[in-house]
Amino acid sequence: MPALVLCALTAGPARAEDVNQVKADMLLNIAKFIKWPESAFAKGESDFVFTILGDDSLAEALAANLSTKSLNGRPVFVRVVGRVQDVTGSQILYIAASALDRLPEVVRQLRGAPALTVANAPGFVEGGGMVDFVAEDDKVRFEIHQARAERAGLKISARLLALAHIVESDPAANR
């Protein structure tokens, strides 16, 4: 089963309208290969909190796709927020296109928190995020900033890293 999941992480969408669904599926599969520390979850809290900041078409696909799923044995609770201060307590934070200009504020808000930050925007990882999607040879692929994720307490499977484009530069380290 894990081999099938890994293959899906670099899938090429059949039609343009399927791209967001492919990315939503990929993000769920990416999350299956990341381990969050127990401290990422509130005492007695069993939900895996997936937060969406802002709005775009991928945010809609993520909300629809993930709200009925579970991750690492925990039901996924999807919440949509409009204010940066409301992202605290997330295990995954998707920053939609309408909120990308608030990335520096998000990075400050989540500093030291075990939260995976994700966007669908070129330059997101270089700008302070952890995971973004990129188009390559008519396929959907993803980039990961491994060091930044590990500083947040997240452990990324070597199998996942083998499929990702690893971004190592860190101009946002001082933010």
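This is a predicted model: local features need pLDDT of at least 70, side-chain atom pairs count only at pLDDT 80 or more; totals for chains, interfaces and linings use all residues.
## Basis

Local features need pLDDT of at least 70 and side-chain atom pairs count only at pLDDT 80 or more, while totals for chains, interfaces and linings use all residues. Residues are numbered from 1 along each chain as its sequence is written, and side-chain values use heavy atoms, without hydrogens or water.

## Nonpolar cores

A nonpolar core is a set of buried Ala, Val, Leu, Ile, Met, Phe, Trp, Tyr and Cys residues joined through side-chain atoms within 4.5 Å. Buried means under 20% relative accessible area, exposed over 50%, partly exposed in between (1.4 Å probe, protein chains only). The largest core holds 41 residues. W36, F50, L62, I92, Y94, L116 and F133 touch the most other members. Helix α2 (residues 19-32) contributes the most, with seven residues. Helices (H or I, at least four residues) and strands (E, at least two) are DSSP runs, numbered from the N terminus.

Another core lies apart, with 17 residues, including V106, L110, A115 and V167.

F133 has contacts (heavy atoms within 4.5 Å) beyond four places in sequence, among them K23, M26, L27, V118 and F142.

## K139

K139 sits in strand β8 (residues 139-144). K139 counts as partly exposed because its relative accessibility is 35%. V22 is 117 residues from K139 in sequence, yet their C-alpha atoms are 9.9 Å apart.

## Strand pairing

Strands pair if DSSP finds at least two bridges between them. Strand β2 (residues 48-53) runs parallel to strand β4 (residues 74-81), over six bridges. V49 has F77 in β4 as its bridge partner.

Strand β3 (residues 70-71) joins β4 antiparallel, through two bridges. S70 stands opposite P75. Two residues separate the strands of this hairpin, where N72 takes a positive phi near 50°.
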